[in-house]
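Me: I would like to go through a structure by question and answer. Please give the cut-offs as the terms come up.

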Amino acid sequence: MCRNVDIVAILITMFFLPLSLFAGGAAEEAAVLDPPEEFRERFLAGELEWDEVITRAQAEGEVEFYHWGGSEALNNWLEVSARPDIEQYGIRLNANRADTGGVVDIILADDAAGRGLGEGSVDFVWINGENFRTLKDNDLLFGPFADKLPTSRYYFLDPDDPRSTVNLFDFGTPTELMEMPWSSAQYTFRVDTARVPRDEVPKSFAELEEWMRANPGRFAYVAPPQYIGSTFVQTVAYAKNPHGTTYEPFQNDPEEFTPGELAELLDPAFAYLRRIEPFLLGGSGVEDDPGSPLYPSSASSLEGRFAGGEIDFTQEFGVYDVDREIRAGNYPETTENIIFPETGMIANKSFLAIPSNAPNPAAALVAINALSTPESHVSKLVEIGYALGVDAPLLPDELQHRIEEEAPDLRGVTAEELSAAEVPDTNARLVDIIDEVWLEYIAERSTRPFADIVEDAWTAVVDR
Amino acid sequence: MLNSNQSSATRNETRRGDSVAARWVRKQRIVRGLTIVAMLAPAVGTLLVLYVGPLLLALLQSLGHAPLYRVTIFPSAQFYERVLGSSRFWISLVYTLYYAFVPTIISTVVGVGLALLMNRRYWGSRFFSFFFRLPLVVPYLVGAAMVVALFANGGLIARILFALGIIEQTGDFPRILFSAGGYGIMLVYLFKQIPFTTMVVGSVLAGVAPEYEEVARTLGATRWKTFRYVILPRIMPGVVTSSILVFAFNFQSYEIPFLLGATFPNTLPVEALRRFSVPDFTRRPEAMAYVVVIAVISGVILFLYLKGYRRYEQSRGGA
């Protein structure tokens with residue numbers, strides 16, 4: 001993909017180079033631009049007016065946006081809403097659909113080829129979690145730009161304000177303002193109320209276990225390390241935290257635990273995951289005999305089984321999805337979100353970040369600013385059900401009203417209930433350990449002592 | 001005198017002619033050598049660039065030279081130790097061999113049988129042999145989708161059995177996909193590979209003159225003996241070629257086991273990719289160690305197989 005882009009770039013350059021030599025005007029204007037490194041320093045030092053950034057962005061002329069392309073709704077919204085918002089500044093938007101891990105690969109490869117600021121392939125990318133951490137750990141980010149955009153006033157970014165946490169930490173990694181919140185998501189359990197009556201809907205993992213024993217084979221979760229499955233295991237780990245502090249210890253880096261402490265913290269959760277195995281989809285239905293439980297390998301496989309009636313619950317990120325999926329005919333009409341578990345539903349934000357080798361850094365800043373306006377976020381919410389990245393309390397009254405009136409139906413829950421249950425996600429490196437433990441202890445059904453399994457996974461992540 | 005003069009002139013002429021001819025021959029030889037090199041270049045070049053290059057790169061990375069991923073501990077056996085020291089590797093190896101060997105054996109036996117059958121003419125045989133080759137143009141992924149549509153627990157067959165009242169709910173249908181048994185994986189392999197083997201063996205068989213069989217039969221050989229001592233040795237090259245290709249594919253294929261296999265255990269290529277996709281890039285050399293080990297194991301197996309075949313050919317030639 002990256003190589004194709006290069007070939008196209010070379011061909012275009014070969015074609016237009018002779019033209020630009022004669023055209024003169026445009027070439028001279030381009031020559032007047034400061035070197036990109038100097039632009040970065042002056043911008044990050046706050047020495048540039050926003051108008052100067054826009055002028056430079058127009059001279060750069062285009063912007064390369066890389067985003068996960070798996071949602072048709074989002075792809076369409078980008079065309080009808082994001083494109084005009086960005087192109088009104090005279091910048092051409094090139095939206096590239098990709099897998100986020102692959103985008104990180106492109107950025108790394110550009111860097112390995114010695115391409116610095118102004119020379120790479122990616123201007124900005126929709127990102128979060130471990131992918132962001134990889135870029136940050138490798139010093140591949142443009143810098144702390146988020147609070148220098150004009151739209152930053154709609155976001156809690158003050159480190160002393162607890163409401164800023166979700167904007168300043170991404171899976172436990174401090175963002176240090178190197179990425180701008182773009183959307184938020186909460187991990188919700190959905191149930192078909194035609195199959196599970198409302199008064200029987202479980203509220204805790206203990207109640208869920210009882211329900212599973214009464215209805216064996218009607219529940220499933222995605223296999224970690226796929227993130228929908230991984231988040232399920234994290235949710236169990238919060239709820240079964242033996243210290244009763246739910247999410248709190250899971251914010252720390254693995255180094256802050258001894259392997260023994262970590263094993264103690266995770267033990268009840270994994271004991272639970274083993275206990276429910278016989279009653280999962282494909283399980284034996286008999287105590288102590290797991291049978292061959294089936295862990296779907298992808299979120300769409302889980303969703304397909306829910307829609308096809310094989311299981312009665314499903315889990316995904318996105319509180320407005322239920323409404324969208326019902327309208328699209330993918331979910332039964334009677335599907336609802338549930339507040340589960342009451343001990344905490346993981347919520348996080350996803351972000352827009354600029355790599356350190358962005359070919360058009362000023363255009364990237366202008367484009368991110370254009371995608372960070374309250375109007376753009378409300379449009380994304382109303383049109384395609386992507387929850388707000390901006391912080392609603394900071395919005396003008398009239399927009400708050402519009403949100404109340406036009407946001408998609410939350411199907412069975414209220415915004416207050418959801419935000420009351422909200423807890424942060426797990427430290428990205430702890431996620432690696434938990435996934436590794438799951439693979440050995442649950443998938444592989446290892447008979448080694450649990451503490452040894454945790455210690456090996458801890459060592460693999462910490463000792464490098 | 002004149003005669004002798006003449007003859008000496010001829011001799012001289014001949015000697016001179018010899019050296020010209022020798023030079024010409026030598027030149028020809030060089031030209032031919034260069035031609036061979038030039039003609040091999042595309043194939044060898046492609047092999048070097050597309051196969052040997054990446055493999056060398058994988059080898060370097062697996063030994064700790066991966067500056068792209070910020071790993072520069074070359075040379076280090078650390079990644080191999082981690083791979084070979086985990087029980088998951090050995091269990092995956094067993095399943096990889098199982099998913100590779102079973103369909104190879106079945107498709108070879110069935111493919112040879114079908115090729116023998118189709119070598120005869122009967123009513124509709126042309127249509128049948130055309131129809132039979134259709135799976136060859138269907139991609140493996142489409143084959144996987146078909147297997148899911150038919151054999152999943154909510155699939156077509158389960159629904160039909162449910163509608164007929166043979167099973168109480170679609171969930172009671174025996175689990176063919178996503179289980180360690182790997183029946184789904186092997187079904188897709190067989191769907192593609194039986195026609196493939198049939199085609200390769202069939203085209204070799206078409207080159208075997210029918211007289212051999214007729215002579216053997218007139219001399220009183222049974223059908224089995226005719227096959228065993230007359231036909232089989234002649235189609236052996238086709239059998240070996242097709243089974244090598246089929247085995248190499250089955251051993252190294254990733255997408256079918258990933259789509260239709262169990263979460264665990266699964267094959268080595270699936271484990272390799274799982275490690276490659278860990279967001280922490282510093283662990284990618286571990287995936288490369290997997291890749292190298294996979295290449296070595298399948299290389300050794302194919303080498304032994306070919307060696308065995310060569311020995312078989314030699315023993316036949318000697319007999």
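Me: With which residue does A:R324 form a salt bridge?

Reply: This is a predicted model in which local features need pLDDT of at least 70 and side-chain atom pairs count only at pLDDT 80 or more, while totals for chains, interfaces and linings use all residues; side-chain values use heavy atoms, with hydrogens and water left out. Residues are numbered from 1 along each chain as its sequence is written, and chains are lettered from A and ligands numbered from 1 in the order in which they are written. A salt bridge is a side-chain nitrogen of Lys or Arg within 4 Å of a carboxyl oxygen of Asp or Glu. The closest N and O atoms are 3.3 Å apart, and the partner of A:R324 is A:D321.

Me: In which helix do A:R324 and A:D321 lie?

Reply: Helices (H or I, at least four residues) and strands (E, at least two) are DSSP runs, numbered from the N terminus. The two residues are three apart, about one turn of the helix, and both belong to α13 of chain A.

Me: Is A:D321 buried or exposed?

Reply: Buried means under 20% relative accessible area, exposed over 50%, and partly exposed in between (1.4 Å probe, protein chains only). A:R324 is partly exposed, with a relative accessible area of 24%. A:D321 has 11% relative accessibility, so A:D321 counts as buried.

Me: Which parts of the chain does the salt bridge between A:R275 and A:E209 link?

Reply: The closest N and O atoms of A:R275 and A:E209 are 3.1 Å apart. A:R275 is partly exposed at a relative accessible area of 36%, whereas A:E209 is buried at 10%. The pair links distant parts of the chain, 66 residues apart: helix α11 (residues 259-276) and helix α9 (residues 205-214) of chain A.

Me: Between which helices does the salt bridge of A:E436 and B:R88 cross from chain to chain?

Reply: In this pair the closest N and O atoms are 3.7 Å apart. A:E436 is partly exposed, with a relative accessible area of 22%, while B:R88 counts as buried at 5%. The bridge runs from helix α18 (residues 428-443) of chain A to helix α3 (residues 87-118) of chain B.

Me: Which residues are linked with B:E271 in a network of salt bridges?

Reply: B:E271 is one of the buried residues of α11(B), and so are B:R274 and B:R275. That helix, residues 268-276 of chain B, is mostly covered, with seven of its nine residues buried. The network links B:E271 with B:R82, B:R274, B:R275 and B:E286.

Me: What covers the buried residues of α15(A)?

Reply: Helix α15 (residues 374-384) of chain A has nine of its 11 residues buried, among them A:H377, A:K380 and A:I384. The helix is followed by A:G385, whose phi is positive, near 70°. The cover includes α5 (72-87), β6 (179-192), α13 (321-327), α14 (361-371), β12 (387-388) and α16 (397-406) of chain A.

Me: Which residues does A:T100 touch, not counting residues up to four places away in sequence?

Reply: A:T100 is found in helix α6 (residues 100-112) of chain A and is buried, with a relative accessible area of 13%. Contact means heavy atoms within 4.5 Å. The residues touched by A:T100 are A:W68, A:V125, A:W126, A:I127 and A:N131.

Me: What is the angle between the planes of B:Y98 and B:Y99?

Reply: Rings of Phe, Tyr and Trp (its six-membered ring) pair if their centres lie within 6.5 Å; planes under 30 degrees apart count as stacked, over 60 as edge-to-face and the rest as tilted. The structure holds 44 aromatic pairs over all chains. B:Y98 and B:Y99 form a tilted pair at 5.4 Å centre to centre, with the planes at 40°.

Me: What is the radius of gyration of chain B?

Reply: The radius is taken over C-alpha atoms, and the globule rule is 2.2 Å times the number of residues to the power 0.38. The C-alpha trace of chain B spans about 115 × 70 × 35 Å along its principal axes. For 319 residues a compact globule would be near 20 Å, but chain B has 29 Å.
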